[in-house]
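Hi,

Here is the structure I promised to pass on.

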4 protein chains.
Amino acid sequence: MSIFNVNPVTVDDYRRRALCRLPRFLFDYLDGGANAEATLAANVNDFDRFRLKQRVMRNVDQVDTATTLAGFDAAMPVALAPVGMAGMYARRGETQGARAADSQGIPFTCSTLGICSVEEITAATGKPIWFQLYMLRDREVIKSLLKRAEAAGVTTLVFTVDLPLPGMRLRDYRNGMIGTNLRSKLSKAAQLTTSPGWIFDVGIKGKPHTIGNLSDVVPDPDDLNEYKAFIDSQFDSSVTWDDIAWLRSIWPGKLIIKGVMEVEDAQAAVNAGADGLVVSNHGGRQLDSVASGIVKLPAIAEAVGDQCEIYLDGGIRNGIDVIKAVALGANGVLIGRPWIYALAAAGEQGVKDLLGTFQSEIRTGMALMGVNNLSELTPELVERV
Amino acid sequence: MSIFNVNPVTVDDYRRRALCRLPRFLFDYLDGGANAEATLAANVNDFDRFRLKQRVMRNVDQVDTATTLAGFDAAMPVALAPVGMAGMYARRGETQGARAADSQGIPFTCSTLGICSVEEITAATGKPIWFQLYMLRDREVIKSLLKRAEAAGVTTLVFTVDLPLPGMRLRDYRNGMIGTNLRSKLSKAAQLTTSPGWIFDVGIKGKPHTIGNLSDVVPDPDDLNEYKAFIDSQFDSSVTWDDIAWLRSIWPGKLIIKGVMEVEDAQAAVNAGADGLVVSNHGGRQLDSVASGIVKLPAIAEAVGDQCEIYLDGGIRNGIDVIKAVALGANGVLIGRPWIYALAAAGEQGVKDLLGTFQSEIRTGMALMGVNNLSELTPELVERV
Amino acid sequence: MSIFNVNPVTVDDYRRRALCRLPRFLFDYLDGGANAEATLAANVNDFDRFRLKQRVMRNVDQVDTATTLAGFDAAMPVALAPVGMAGMYARRGETQGARAADSQGIPFTCSTLGICSVEEITAATGKPIWFQLYMLRDREVIKSLLKRAEAAGVTTLVFTVDLPLPGMRLRDYRNGMIGTNLRSKLSKAAQLTTSPGWIFDVGIKGKPHTIGNLSDVVPDPDDLNEYKAFIDSQFDSSVTWDDIAWLRSIWPGKLIIKGVMEVEDAQAAVNAGADGLVVSNHGGRQLDSVASGIVKLPAIAEAVGDQCEIYLDGGIRNGIDVIKAVALGANGVLIGRPWIYALAAAGEQGVKDLLGTFQSEIRTGMALMGVNNLSELTPELVERV
Amino acid sequence: MSIFNVNPVTVDDYRRRALCRLPRFLFDYLDGGANAEATLAANVNDFDRFRLKQRVMRNVDQVDTATTLAGFDAAMPVALAPVGMAGMYARRGETQGARAADSQGIPFTCSTLGICSVEEITAATGKPIWFQLYMLRDREVIKSLLKRAEAAGVTTLVFTVDLPLPGMRLRDYRNGMIGTNLRSKLSKAAQLTTSPGWIFDVGIKGKPHTIGNLSDVVPDPDDLNEYKAFIDSQFDSSVTWDDIAWLRSIWPGKLIIKGVMEVEDAQAAVNAGADGLVVSNHGGRQLDSVASGIVKLPAIAEAVGDQCEIYLDGGIRNGIDVIKAVALGANGVLIGRPWIYALAAAGEQGVKDLLGTFQSEIRTGMALMGVNNLSELTPELVERV
Ligand SMILES: Cc1cc2nc3c(=O)[nH]c(=O)nc-3n(C[C@H](O)[C@H](O)[C@H](O)COP(=O)(O)O)c2cc1C
Ligand SMILES: Cc1cc2nc3c(=O)[nH]c(=O)nc-3n(C[C@H](O)[C@H](O)[C@H](O)COP(=O)(O)O)c2cc1C
Ligand SMILES: Cc1cc2nc3c(=O)[nH]c(=O)nc-3n(C[C@H](O)[C@H](O)[C@H](O)COP(=O)(O)O)c2cc1C
Ligand SMILES: Cc1cc2nc3c(=O)[nH]c(=O)nc-3n(C[C@H](O)[C@H](O)[C@H](O)COP(=O)(O)O)c2cc1C
């Protein structure tokens, strides 16, 4: 980094540092999206289609960004999204992320496919976290996972519905991450040799690289091809809203359905007993060319916003984006790549700093819009370009 | 290619490899379009003006991409478009393309102006193919070509109507491909010396470079200027819909009219007895500044979609584009440049791999849209941006 | 130029060659526009907002691009626009341009401010040309210029109304072209030393560099600062439509008013007795941020198209642009920079070749639109994007 | 600068020179905006959404750009905006700016946070200037500042309302300008060593670097961190329109409210007794993602334009932009960054030259639009793209 860029501040600052530090295939797995990455781009760019109103002389001495997210008393309307294999981006990455979230007073979501198990994460902070789940063909595994989660103190289940099968993230094929031919193997080897810092810190000291929550069912999740084989065999594309009803019946805590983009599906989620839903296209990693979440949010908030909590994820890169989402009807947002970039670039402290910047941006933005509480952020304060 | 780009996946991956491998004038002949190439760009970019809907929890365990294209039982709604001189891009290129199409279960279209004759191509696979025809001034040549095609097992005639005279592809003048002045000759020589792999594989081992279907009428089609002379002398710009009626009367198989962009012309094609039509601007190689096909498709499908089959070509670069075309009313699509890029870059295997990717993209996309069959892809699942 | 770019074809090909050959301040004077050059860009880009319709099977064996422009039997609806100081871009540049126009059968317009006088130009071809005039404070000079023009065989007067005072072309200040400070002088000297070909061919052999039509009134027009002084002193910003009526009364030939952008002004021009008008913003060299001509054309053609001839200039770069202008109501177009780029790059032959390409593009475009005559090019064949 | 760029003309020309000359953190403080800088970009780009009408033959021999701005007889509808710490960009920068404004006949606005005090500035020209004020917690300081201003001959108070707290200008964190960690300190040192000209001229000879108007309340404003501490402690985010009424009651001169973007707030400003208001988002330095001022101007001018004077600032980069603002309802505009770029690049003479160019651009633009007085610039002469 140049002398003009000494302190990372924005998500992009952390992203550039992560690019330098990580083996390329890991960076690409994080950074990329499905197919032509049209939705990935739209997620970020579509926030520019909304403008905020500046209002002055309104006494904004008491700006308060606090709110309740699925029962969690949060310092701001932001949660860390579930990200599989976060532990490959920093040593025991999930625990670092959970500690950063805790210190900034926001929820952390543990992915089904994290390196650290739900128990390891909750042990790190001693606080309740959220737990994300994919449907697996073997329903007994589901039941036992929910048991473990409940025992570990999980209060909220985030159930992901937009992955009946894995999306086609073409970078993973292009760079040889997925692939067993010679070219792929040589490429991966070459990429590793150019990341000595990562090799020592994560590759060696960050072991074991098993998928904590599934270490009993996946033999060697360190081998990315076995990991893919597992997904291919266990992911269940026959799931329907009836399965959600079943899930509802066996899970006592809060239930948030993640991956809803249409009003019709939002209504179905409510009918199946969801306490909340996440308007999400999985960060542009599943169906490419679907609209961005921010564009879909207003209609869904309008339709079911009084029946359940509404979250948004995808493309949120700063506190101004958070304000837009809340003003358009979201109770809160989830951020995925941002916290992993910060984690890969600067570890727990990086995530903490980034969240601190989000908090300041939300507070400052609210003050400049002339509002003191999140509930004053209404659609009238947003203009479409 | 860098260590981050070891396996070609997208059309653009193959395109870059073709650029490295081919003499520039051949690459430009393939890659370029007419005049300022505005339509060429619109063909690709306009797909971005349509978005797909993500729908979840619908049981997509039985996604099926199969369909019937002009009587051909196809594994997916895609056919290889007729491309003149494909045999200049790889050794006996048309046979390689036909074998790849066959192995992936889709139709191959033999161009009037291919290097390999229709007989050579059908011999390679033993399967029926489609045959593309331009109107020639000498109607006896037409009759004899149709006889040969029928005898070789062609079931479907694709008759191209958007080439009453050749479009102005300016790259061919700029790089000296067309031109007999000294500069042009020196340029072509220089371009060839930088493509040793191509010279051996195609230039020497891929002979003869005659236009197979016309080898009796064009003396030496290896000389690109004679080839142009032939087009100039034989292409018949006085053709009208009456000639199509005549063609209909002498051809017993399926008849598809390729190159229709207006509803009025689509109706005329149906009236002349067409079984299908291709909404096409010839890949942006004829009238520059005409709209893209995808933008024109909905009105044509609406007007005559119940009277004949509708195909689309131009700018289709992945399976997501195919889904959009089908949802907007197409029975199937044709792809032109994509398969030639793959052919030039990696031969038959390249075409096969690319088609495999298209197939996966269509299947995955359908699953993520919550549909199991192509017939469920309706205009309601597409949004305009 | 690389081996992929051996024959110049498009306007941009010639532009790049002109950039290499000319002293930079002369290139900038030609290439630049007023202020932030917003209109300059819009002139070119706005053609992209219109699309042409492809229509097939219509018998286009008799495509004819001929028309009559202000009484001139023209091979296509194109004329060379008046360009001041063309003789600085090639040796006796106006005569070369006039010969090229003559050989391609289109009108040439002599600028008030050309290097060659009207007599020198008509002597070169022996054919009638058009003559462009600015209003000068000294009306006697006007009268004597019109006498000379008539005597030289000029049939059509193009009177320019959009230059009550010179526009602010900032490149001319930035590069030192206009300016007498030391930096400006050194800069011009440095620019000249890097253009040896131009120095010999134009700088030395192309003399005298007087403004032919005004050589009796401007002492030394070779000195660009004196030239500017002349403009400043003679340009008459008090001109009104009454002066046009006066002009009409003393000029027996055709009168075309150049520089009309609003319907109200078009009506005034007709009322003052104009036989034609040019929808023009002076190639983006006068009022910056005014709309492009192509966007303004339809309303003006609609309002007064049946009372006078309508021309368009500004941003026309190929035959497809010409087709759009004609379809939207123009009798013909003028091209300015294109012919000077070609002249500077390749002299008379360059201009001839470029015009030949325009002719082919118009003919081919018409055939692919299914029309045989210019009169069939109607607004229905154009779509707005 | 190259030999093609010897005389700076546009704002961007000066900007590039300032970039070369200044320590990077000072350049960034000037050049940057809040958060993702979306509003910063919109301020400049949105002027492109408006087009001017070219009208001809209207006798424009008497174009007059003069007007009255809050009682000041101005040569053109432009004033220099208040810019904090201008004296860090050139030796005693505020006095140089004031002299340049005076010589071009336009108002200069002294910032609360300037290096030079209001007395030093008025002493330099002997002419009345405008004085900008932020609300401070300590109202006694306000009263004494207003006393000093009145005594120094200030006629107009510009009271800024869009800064209840400082915006988040992230470049200042990224480049270490704000920050006391080692990296930040080393970075600043490195940046200084690459700006020897600035160090001598401003860093050494331009002292003292105290904030003149507050030198009694801020101990050492040369230390940027103390300066920030002062803002944090004194800026009063509890201000309301009642405080404006109080201000109105104690200030006898003209009162202009700066930082209004909504009609409702404009009405409130009028109700509180304002003589004028500035439609402004503080140059994109406060609420990021708010609309540009030029887009907001028409509605505000329509609503309260007959009750008070209307000014616009943000993104004005040339005289054409000024014409647009006036035609859309502004009495005049303020320019911020433009004059500081010119000041940093070329001192007082730079500011004078730039203002001269603005003046010529306004005059030339008016002539080409066919108007002689600012009052003829009406919304009908502007088109939206
Ligand atoms: C590398 C990566 C892994 C992810 N893994 C999961 C996962 O295991 N479970 C899940 O529900 N979502 C997963 N997501 C999606 C995120 O939860 C979230 O929806 C998405 O990242 C939001 O978009 P953003 O990255 O633009 O903030 C993953 C996203 C990324 C980038
Ligand atoms: C190099 C080349 C040669 C072509 N030759 C023919 C041909 O001989 N006959 C024909 O009907 N179309 C021909 N086409 C047009 C294609 O069939 C098809 O319409 C077009 O390529 C579709 O656009 P795409 O390349 O963007 O997929 C050709 C296209 C290319 C690029
Ligand atoms: C270098 C230059 C000199 C010009 N001189 C004249 C002139 O003397 N008289 C005139 O009426 N127009 C003049 N024009 C304007 C042209 O006639 C014409 O309106 C304009 O160039 C059309 O735009 P285009 O260059 O994009 O084709 C000049 C244009 C250029 C570029
Ligand atoms: C470096 C800098 C310092 C500024 N300081 C002040 C200030 O002290 N008081 C104020 O009211 N506005 C201040 N502004 C805002 C300007 O007065 C003005 O609103 C803004 O610069 C207009 O946008 P422009 O820079 O695009 O012309 C400042 C702007 C800049 C760029």
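On the chain A side, Arg174(A), Leu287(A) and Ser289(A) supply 21% of what chain A buries against chain B, more than any other three residues. The contact involves 44 residues of chain A and 33 residues of chain B, where contact means heavy atoms within 4.5 Å.

Before you go further, some housekeeping. This is a predicted model, so to speak of local features I needed pLDDT of at least 70, and side-chain atom pairs count only at pLDDT 80 or more, while totals for chains, interfaces and linings use all residues. Between chain A and chain D about 3300 Å² is buried, with 58% of it from carbon and sulfur atoms. Phe4(A), Gln54(A) and Met57(A) supply 24% of the area that chain A buries against chain D, more than any other three residues. This contact takes 34 residues from chain A and 44 residues from chain D.

Which pairs of chains do not touch? Chain A and chain C are one such pair, with their nearest C-alpha atoms 19 Å apart. Chain B and chain D do not touch either, and their nearest C-alpha atoms are also 19 Å apart.

On to the symmetry. Chain A superposes on chain D by a rotation of 90° with 0.0 Å of shift along its axis, at an RMSD of 0.0 Å. That is the relation of a four-fold axis. A rotation of 90° with 0.0 Å of shift also takes chain A onto chain B, again with an RMSD of 0.0 Å. Copies were superposed by least squares on the C-alpha atoms of residues with pLDDT of at least 70 in both. Which residue of chain A comes closest to the rotation axis? That is Val385(A), with its C-alpha at 9.5 Å.

Ligand 1 has 23 residues around it, and Pro82(A), Ser111(A), Tyr134(A), Thr160(A) and Asp313(A) come nearest; a residue counts as near if one of its heavy atoms lies within 4 Å. By class, this shell has eight nonpolar, ten polar and five charged residues. For the classes, Ala, Val, Leu, Ile, Met, Phe, Trp, Tyr, Cys and Pro count as nonpolar, Asp, Glu, Lys and Arg as charged, and the others, Gly among them, as polar. Helix 2 (24–31) and helix 15 (337–369) of chain A each supply at least two residues of the shell. Helices (H or I, at least four residues) and strands (E, at least two) are DSSP runs, numbered from the N terminus.

- Ser111(A): a side-chain N or O atom is 2.7 Å from an oxygen atom of ligand 1.
- Arg317(A): a side-chain N or O atom is 2.9 Å from an oxygen atom of ligand 1.
- Gln132(A): a polar side-chain atom lies 3.2 Å from a nitrogen atom of ligand 1.

How much of ligand 1 does the protein bury? Taken alone, ligand 1 exposes 600 Å², and the protein buries 98% of that. Accessible areas come from the Shrake-Rupley method with a 1.4 Å probe; for residues, only the protein chains shown count as cover.

Ligand 4 sits among residues of chain D, with Pro82(D), Ser111(D), Tyr134(D), Thr160(D) and Asp313(D) the closest of the 23 that surround ligand 4. A polar side-chain atom of Ser111(D) lies 2.7 Å from an oxygen atom of ligand 4. Alone, ligand 4 exposes 600 Å², of which the protein buries 99%.

Last, some backbone details. Lys207(B) and Pro208(B) are joined by a cis peptide bond, with omega about 0°, and Pro208(B) is found in the loop between helix 9 (196–204) and helix 10 (224–234) of chain B. In chain C, the peptide bond from Lys207(C) to Pro208(C) is cis as well, with omega near 0°. Ala70(D) is not a glycine, yet has a positive phi of about 50°; Ala70(D) is in the loop between strand 2 (67–69) and strand 3 (72–74) of chain D.

Cheers

Technical notes
Residues are numbered from 1 along each chain as its sequence is written. Chains are lettered from A and ligands numbered from 1 in the order in which they are written. Side-chain values use heavy atoms; hydrogens and water are left out. A polar contact is a pair of N or O atoms within 3.5 Å; within protein, one must be able to donate a hydrogen and the other to accept it, and residues adjacent in sequence count only if both atoms are side-chain atoms. Buried area is the accessible area (1.4 Å probe) that two parts lose on being put together, summed over both.
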